[in-house]
Amino acid sequence: MKIHKVLTIAGSDSGGGAGIQADIKAISATGSYAASAVTAVTVQNTLGVHGVFPVPVDVITGQIDAVLSDIGADAVKIGMLHSSEVVVAVAEALQRSSVRNVVLDPVMVSTSGHRLIEESAVHTLKESLVPLARVITPNIPEAEILVGHPIIRQDDLPEVARELSLGGRVSVFLKAGHLTDDVLTDIFYNAETDETLALSSERLHTRNTHGTGCTLSSAFASFLAQGCTLNEAAYKAKNYIFEAIRRGANLEFGSGHGPVCHFSNMVCGLEGQ
């Protein structure tokens, strides 16, 4: 029996709503096997990030090499990489592998507003890692940093997605959650077919949005690992995150930004859902 495997390279979230913890839940919930390489340990809960403690670079690359040399991976999801040194090391580790399905979530700022990447690492991320990805999944603030200009309107998103694609070399899932339109329309630019998909859903008003980016990108990687086309993976990941937010919208969890319901196809510990 074939097991579809995803390696997630990201930071740990002690609150369990984002980072490696969210990745493993999303990958598992969408039917794949999750392996991990932890890049940093964060001290956080629903109220915010209270500390970031980097894992030594050789330990990060050691985890990656250990997984890929034995277990292997059908897809790799990349999240929080806090420094230029880590970005370069991860890029070099990926270049030693043959994994094509690399999904990069350019994590820069937490839901609570805490910066998770050094300023100098942003340029390194753009130059060294984005070109190695098959798909990147920025939100609006991250896209603004990457393109260097504000993004104001929904109508701007298709052009911004193309701008982020490095001349059609990298596909882009641009998340619209930070806009305020009643209908939330994410944009997926498929660089391999030169298609632009508008993926719309009802905007759900809830404070439980911690880890949505981690969750979506992990689901995307999971579906690619299972052999889905880019467009199929984009549609499935969009549907998965919408349902995870919907099922977790009324969850009473902590005093700040709570998590989504990763196992939305199960009971998920919620009463009355």
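This is a predicted model: local features need pLDDT of at least 70, side-chain atom pairs count only at pLDDT 80 or more; totals for chains, interfaces and linings use all residues.
1. Start with one term. A residue is called buried when its relative accessible area is under 20%.

2. Now look at the aromatic rings. A pair of rings is described by the distance of the centres and the angle of the planes. To count as a pair, the ring centres must lie within 6.5 Å. By this rule the model has three aromatic pairs. Take Phe173 and Phe188: their ring centres are 6.2 Å apart and their planes meet at 45°, so this pair is tilted. Phe173 sits in strand β7 (residues 171-174) and Phe188 in strand β8 (residues 183-190), so the pair ties together parts 15 residues apart in sequence.

3. Phe188 has another ring partner, Phe220. These two also form a tilted pair, at 5.7 Å centre to centre with 50° between the planes. Phe188 belongs to strand β8 while Phe220 belongs to helix α7 (residues 212-225), so this pair ties together parts 32 residues apart in sequence. Both of these residues, Phe188 and Phe220, are buried. Taken together, ring pairs join Phe173, Phe188 and Phe220 into a cluster.

4. Which strands stand at the edges of the sheet? First trace the order. The sheet is open, has nine strands and runs β3-β2-β1-β4-β5-β6-β7-β8-β9, with mixed pairing. The edge strands are β3 (48-54) and β9 (195-202); each has a single partner strand, so one side of each is left without a neighbour in the sheet.

5. Zoom in on one strand pair. Strand β6 (residues 135-136) and β7 pair in the parallel sense, over two bridges. Here Val135 stands opposite Ser171 of β7. Next, find helix α8 (residues 230-248). Helix α8 lies across β6, β7, β8 and β9, and runs at about 15° to β9.

6. Go back to helix α7 and pick out Ser222, which lies in it. Ser222 is buried, with a relative accessible area of 0%. What does its side chain make a polar contact with? The partner is the side chain of Thr30, at 2.7 Å. Setting aside neighbours within four places in sequence, Ser222 is in contact with Val6, Ile27, Thr30 and Ser32.

7. Check a loop residue as well. Gly16 is in the loop between β1 (5-13) and α1 (19-29). Is Gly16 buried or exposed? Its relative accessibility is 12%, so Gly16 counts as buried. Not counting residues up to four places away in sequence, Gly16 touches Gln21, Ala22 and Lys25. His178 is 162 residues from Gly16 in sequence, and their C-alpha atoms are 22 Å apart in space.

8. Finish with the nonpolar cores. The largest nonpolar core has 49 residues. Among those with the most contacts inside it are Leu7, Ile9, Ile64 and Val90. Helix α3 (residues 84-95) gives the most to this core, with six residues. Look at Val90 in detail. Leaving out residues up to four places away in sequence, Val90 touches Ile9, Ile60, Ile64, Ile78, Leu81 and Leu129. There is also a second, separate core of 29 residues, including Phe223, Cys228, Leu230 and Ile245.

Conventions. Residues are numbered from 1 along each chain as its sequence is written. Side-chain values use heavy atoms; hydrogens and water are left out. Rings of Phe, Tyr and Trp (its six-membered ring) pair if their centres lie within 6.5 Å; planes under 30 degrees apart count as stacked, over 60 as edge-to-face and the rest as tilted. Helices (H or I, at least four residues) and strands (E, at least two) are DSSP runs, numbered from the N terminus. Buried means under 20% relative accessible area, exposed over 50%, partly exposed in between (1.4 Å probe, protein chains only). Two strands pair if DSSP finds at least two bridges between them. Contact means heavy atoms within 4.5 Å. Axes are lines fitted to C-alpha atoms, for helices over the stretch in contact, and angles run from 0 to 180 degrees between N-to-C directions. A polar contact is a pair of N or O atoms within 3.5 Å; within protein, one must be able to donate a hydrogen and the other to accept it, and residues adjacent in sequence count only if both atoms are side-chain atoms. A nonpolar core is a set of buried Ala, Val, Leu, Ile, Met, Phe, Trp, Tyr and Cys residues joined through side-chain atoms within 4.5 Å.
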